[in-house]
Structure formats: C-alpha cells, structure tokens
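This report describes selected features of a protein model. Please look at the structure below before reading on.

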Amino acid sequence: MAATLLDKPRTAPVRTPRRRAGGGAGSPLARQQRRMFWPFAAPALLVYGVLFLAPVGYALWTSLYRWDGMGDMQWRGLGNYQVLLKDPSFRTSVGNTLELMFVGGTVTFVISFALTLVLREMKARLFARSVLFFPCLVNGMVFGIAAGFLFSPTGPVNQALHFLGVTTPPKWLSTDNLLPMVLGTLIWTATGYYTSIIMAAVDQIPAYLYEAAELDGANAWQRFRHVTLPCAWDVISVCAVLWTVSSVKIFELILLFGGSSSNYPPVSSWNTALYVYSEAFPQATVPRLGMATAAAIVSLLMVTVATLVLRRLMRRDPIEY
Amino acid sequence: MQTERRSAGLARRIATALVWGVVAADLLLILWIVLTSLRGSSEVLHQAFGLPAPPRFGNYLTALRDGGFGPAALNSVLVSVVSSLAAVAIAAPCAYALARRRTRVSSMLTMTFAMGLGVPGQVLVVPLFVGLAKVNLTDSHLGLILVYIGLAMPFTVFMLTGFYAGIPGVLEEAAVMDGAGPLRTFWQIVLPVARGGLITAFLLQFISGWNETLFALVLTHSQDQITLPVALAEFVASQQLNGMDYGTMFAGVCIILAPMIALFSWMGTRIIQGMTVGIGK
C-alpha cells in the first residue's frame with residue numbers, strides 16, 4: 001500500500017523520444033513490447049476499473065443523495081455533508097480517527113526509532129525482529145478478544161495488580177478508557193512492522209559513515225541524528241504515509257475490542273470506519289447509505305490531505321550514498 | 001569520557017532488556033492463547049494462567065463442529081487461495097507491461113494503480129455491496145472473491161512493477177532474437193525468473209485475504225458462506241448471551257492464528273522482505 005507518496009513513478013519517465021525510424025521500427029524487443037502492452041495490461045485495468053475505481057466514483061455520487069438502499073434516491077447535494085458536520089457521533093469518530101493517526105503515529109515512530117537503535121547492536125536481532133513483526137499478521141479481533149479477557153474486572157491483569165497491592169485498579173474497559181486501550185494495542189502491534197521497514201533501510205547505510213562519525217567523536221544520539229535519520233529519511237516518509245492510510249482503515253480491532261460485538265461498541269470509541277459501517281448496516285434502523293458514503297468520502301479526504309501535508313513537510317533533497 | 005561510555009553501556013543494557021521483555025511478552029501471549037484453548041471455561045475463570053490439565057482437545061471439536069469454525073475455515077482457505085491466485089495471475093502481466101514499456105501512458109497507469117493504495121476500504125464497502133446485490137452475488141463465495149481481487153489490484157500491481165523493474169531485460173532480448181513471441185517470452189522466460197516476486201505477492205495477498213474482516217462481515221451471512229473472522233465475531237456475539245465458553249473461543253482464535261504462525265515460521269524472511277523492501281526502496 002505504499003503509495004501515493006512516491007512522487008516518482010517506479011517506471012522511469014521517458015526521456016529519450018522513441019526511436020521510430022520510418023514508422024514502427026525500433027529493436028524487435030521494443031516492437032514486441034509495444035504490441036503486447038494493451039493485451040497484457042487490459043485484464044488488470046478492467047478488474048481495477050470495475051471493482052475499484054468505479055465503486056469510488058459511485059461512492060462520491062451516492063454521497064450526494066438520501067438513500068435507504070431500497071427506495072428512490074433523493075438528491076441532497078452537499079446536505080449529507082452538512083448533517084455529518086453537526087452529528088456528534090461523526091465528530092467523535094473524526095476526532096478519534098485523528099487521535100489514532102497523530103498520537104498513535106507519533107508514539108509508534110518514536111518507539112520504532114528506539115527499537116531500531118537497540119536492535120542494530122543486539123545479539124539474535126533477527127529472531128527478536130521476527131517476533132516483534134509477527135503481530136501485524138494477526139487479525140485485530142484476536143487482540144481485541146485477548147484484551148477483553150486480560151483486562152476484564154476480575155481478569156488476570158487486575159488479579160496481578162491486586163497481588164501487588166493495588167486495590168482499586170482502573171476500569172480498563174469502561175467506555176471512557178476504550179479508545180486509549182485501542183490506541184495502546186494498535187501501537188504495540190504496529191511498531192514491529194514499522195521497525196522492520198526502518199531497519200531494512202538502516203541496514204543499507206554503509207558502515208563507513210558510522211565509522212567516520214565515531215572517529216569524529218559523535219555519540220550514539222549524534223550518530224542517529226546525523227547519519228541514520230538523513231540516510232533513512234526517504235523510507236521514513238514513506239512509512240509516515242503508510243501509517244496515515246492504515247490508521248484510517250482500522251476496523252475490526254475497535255469492533256471487537258473488549259469482546260463486545262453483540263452490539264456496536266460505544267460511540268466514544270468509534271473511528272470513521274465504524275461510523276460508515278453503522279450508518280450503512282445498522283442493526284435496528286433504516287440504512288442511510290448517503291450518509292455512510294459521505295462519511296467514507298470524508299475519511300478519503302482526510303487521508304489525502306494528511307498525505308499531501310506529510311509529503312510537503314517531509315520533503316528533503318535525496319541523499320545519494 | 002569514561003563515565004559517558006559506561007552510562008551509554010548501561011543504557012544500552014537496559015534498552016536491550018526492555019526489547020527482550022517485549023519479545024517475551026509477544027511469545028507468552030501466543031503461548032497463553034494456545035494453552036487457554038485447551039482448558040475448560042471454569043478453570044480459565046478461576047486461574048487465568050495455568051497449564052491445561054488434562055488438555056481438552058475437545059474444545060477444538062466443539063469449535064469446529066458447533067462453533068461453526070470448521071466450515072468457516074474451509075471457506076477462508078477457498079476464498080483466500082482463489083482470490084490471491086487470481087489477483088497475481090491478473091496483475092502479473094499488467095505489471096510486466098507497465099514496467100517494460102516506458103511511455104507517458106504507462107507511467108500514468110502505474111500512478112493510477114498506486115493512487116488506489118490510499119483509498120481506505122470503507123469508501124468501497126457500500127458501492128460494492130450495492131453492486132453485488134444487483135447481480136445477485138452477495139452472500140456468495142464468488143462475490144467475496146471478486147471483491148478481494150479488486151482490492152488486491154493496487155498493491156499487487158504496484159509491488160510487481162517494482163519487482164520487474166529490477167530484473168534486467170537481457171534475457172528477453174535474447175528470447176526475442178531467437179524468435180519467441182510476446183506470450184512465449186513472458187511464459188517461458190519472464191515468469192520463471194520472476195517466480196520469487198510472484199510467490200511473495202501471492203503470500204501477502206493470502207495473508208490479507210485470510211484476515212480481511214470488513215467486507216466478509218458485510219457481504220456474507222449464511223453459515224455456509226462466512227469466513228473465519230466472521231465466524232469468530234458471531235461466536236463472540238452469541239457467547240455474550242449464553243455465558244462465555246473461553247476454551248472454545250480461544251480454540252477459534254487459534255484456528256485463525258495457526259496458518260499465520262505456520263506460514264511465518266516457514267517463510268518469515270520472505271514475508272518480511274515482501275512487506276518492507278517492496279514498500280521501502
């Protein structure tokens with residue numbers, strides 16, 4: 001899912017004008033590649049167009065109507081968006097999404113850097129890295145369920161605290177605490193992934209740069225600040241965008257956090273993904289598909305704006321080494 | 001200088017200990033889940049940590065048969081394998097064409113695929129639901145597979161384009177000189193060379209298909225169509241009414257986890273590389 005953020009396309013741009021002496025010569029390979037282009041590209045383009053791009057367009061269109069999915073669609077223009085702005089649950093959802101994005105992102109990246117620093121010079125680092133990486137392959141529901149049991153009022157965590165003399169442990173899974181708990185779980189499961197990406201970049205940095213820095217008397221922090229950070233900057237900015245996109249997609253972790261799924265979780269822990277889900281597929285009321293797609297479009301806008309701002313802020317001249 | 005070095009050494013030792021602490025916590029959590037899946041519900045409630053004595057493998061039987069995890073596991077295998085195979089089969093030639101033919105059109109198309117990476121799933125969920133309902137494909141494996149193939153396109157094409165771009169074109173040149181047509185060149189020369197990349201793409205797609213929850217929840221509901229994440233969500237919901245059967249619930253969790261653990265211990269480096277190098281540089 002990397003990105004919108006690679007502003008350079010992976011295929012090199014065309015610099016030289018195509019050599020086409022006398023209509024369609026070029027090398028046999030070039031000619032063949034010209035002939036095969038559309039037949040090869042068409043199936044994927046078709047699938048992508050029908051199952052991905054068209055739905056995005058359809059979502060934009062639906063967001064301008066009032067629609068319950070069965071009856072006629074009524075034109076509302078930007079009405080849905082106006083209602084959304086005033087809807088307290090939507091505001092909470094947007095606030096939570098932003099909190100997950102910014103607070104979660106900051107903490108995750110700080111820990112990832114720290115881990116990278118430590119892991120670089122550790123024994124058995126490959127093993128440690130693998131174990132830390134693994135949680136990102138696990139369905140978020142698993143963590144939600146495990147946390148629901150571990151942190152339940154008479155659960156193991158409270159039992160352990162009781163043993164240590166804490167008689168009034170926090171109500172971990174109370175409505176107010178759900179979001180911080182989700183945030184903590186998210187950070188814990190995501191750091192391994194970002195640490196791995198950053199470490200892969202750091203491993204490419206030639207050792208002589210570090211040796212030179214050490215000879216100049218740079219301490220660990222200075223080596224990080226003046227060698228690691230600038231050399232890995234490209235990858236870090238890709239990671240930042242990756243985080244932005246994936247933090248908006250979080251869904252099952254919140255849906256099942258604390259093992260509460262017979263009903264939707266309390267609104268105070270929703271993000272925009274849950275808002276969309278609950279508007280489009282409510283348990284008791286009529287679906288409001290227009291509102292749902294409008295909320296989805298807002299989350300797409302949030303990703304886009306955050307990505308553009310990040311790209312702007314993190315732009316640096318590339319460093320060659 | 002001396003003291004600075006000594007304190008740096010101490011700090012490093014504390015940091016290393018902390019990292020190992022987190023590593024141990026991760027491993028213990030998995031171990032605890034596995035152990036709990038073999039214990040009875042009342043044992044779990046009385047003593048959250050403990051060895052299963054005796055181990056109740058019956059929990060797995062209950063989960064597979066009564067909890068609905070058995071059919072759901074088969075559905076998950078079917079849906080994730082077929083959708084990832086199809087996604088790679090469709091994306092591979094396209095990525096190859098995009099990587100090899102360098103024109104304005106091809107770089108524009110590459111960008112179009114890359115832009116899809118920034119679209120969160122919730123944008124597509126209502127349109128896909130409505131669209132599939134129109135062609136009678138909701139609550140069907142085919143519908144879910146189609147959706148997963150569509151969702152896979154941006155990442156798979158993007159990743160494979162980067163992968164092909166790193167393969168030198170000399171081999172194909174030789175093949176063409178020998179008179180091989182485009183299909184034959186692709187089939188006999190390019191695909192074998194690209195096997196590693198294709199396997200990685202398949203693995204990553206399989207993993208995300210296996211764990212995908214939002215679309216599975218929305219698009220399937222009857223017992224013979226749901227995938228594992230849906231079965232787990234439904235099981236948890238039903239348990240809230242009947243009282244928790246922790247042993248069986250964690251058996252279900254283990255059924256979701258097991259293939260990921262197996263895959264990761266078998267092909268861990270390949271998965272990490274696919275998810276990191278494929279994204280980074």
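## A buried glutamate

A:Glu279 has a relative accessible area of 11%, so the residue is buried; the cut-off for buried is under 20%. The model in which this value was computed is a predicted one.

A:Glu279 belongs to helix H12 of chain A, which covers residues 272–280. Apart from neighbours within four places in sequence, A:Glu279 is in contact with A:Pro287, A:Arg288, A:Met291 and A:Ala292.

## Aromatic pairs

How many aromatic pairs does a search of the whole structure find? Over all chains, the search finds 35. One of them joins A:Tyr264 and A:Tyr277, and this pair is edge-to-face because the ring planes stand at 85°, where the class requires over 60 degrees. The ring centres of A:Tyr264 and A:Tyr277 are 5.5 Å apart.

The two partners are 13 residues apart and link distant parts of the chain. A:Tyr264 sits in the loop between helix H11 (252–255) and H12 of chain A, while A:Tyr277 is in helix H12 of chain A. A:Tyr277 counts as buried, at 11% relative accessibility. Helix H12 of chain A is also where A:Glu279 lies.

A single aromatic cluster is formed by A:Phe109, A:Phe133, A:Phe134, A:Tyr193, A:Tyr194, A:Trp243 and B:Phe264.

## Two residues with positive phi

Most residues other than glycine have a negative phi. A:Ala124 is not a glycine, yet has a positive phi of about 55°. A:Ala124 is located in the loop of chain A between helix H3 (88–120) and helix H4 (125–133). With 46% relative accessibility, A:Ala124 is classed as partly exposed.

In chain B, B:Asp139 is a residue other than glycine with a positive phi, near 55°. Its place is the loop between helix H6 (121–134) and helix H7 (141–165) of chain B. Is B:Asp139 buried or exposed? B:Asp139 has a relative accessible area of 17% and is therefore buried.

## Where the chains meet

Chain A brings 98 residues to the contact, and chain B brings 108 residues. Between them, chain A and chain B bury about 9,000 Å², and 78% of this area is on carbon and sulfur atoms. Helix H1 of chain A (residues 28–62) gives the most to the side of chain A that touches chain B, with 22 residues. By type, the residues on that side of chain A are 74 nonpolar, 16 polar and 8 charged.

Two kinds of interaction were searched for across the interface of chain A and chain B. The count of salt bridges is 0, and 12 residue pairs are in polar contact, with both residues at pLDDT 80 or more.

Conventions. Residues numbered from 1 in each chain as written. Chains lettered and ligands numbered in written order. Predicted model: local features only at pLDDT ≥ 70, side-chain atom pairs only at ≥ 80, totals over all residues. Heavy atoms only, no water. Contact = heavy atoms within 4.5 Å. Buried area = accessible area lost by both parts, 1.4 Å probe. Salt bridge = Lys/Arg side-chain N within 4 Å of Asp/Glu carboxyl O. Polar contact = N/O pair within 3.5 Å; in protein donor to acceptor, adjacent residues only side chain to side chain. Helix = DSSP H or I, 4+ residues; strand = E, 2+ residues; numbered from the N terminus. Nonpolar A, V, L, I, M, F, W, Y, C, P; charged D, E, K, R; others polar. Buried < 20%, exposed > 50% of the residue type's maximum accessible area, 1.4 Å probe, protein only. Phe/Tyr/Trp six-rings, centres within 6.5 Å; stacked < 30°, edge-to-face > 60°.
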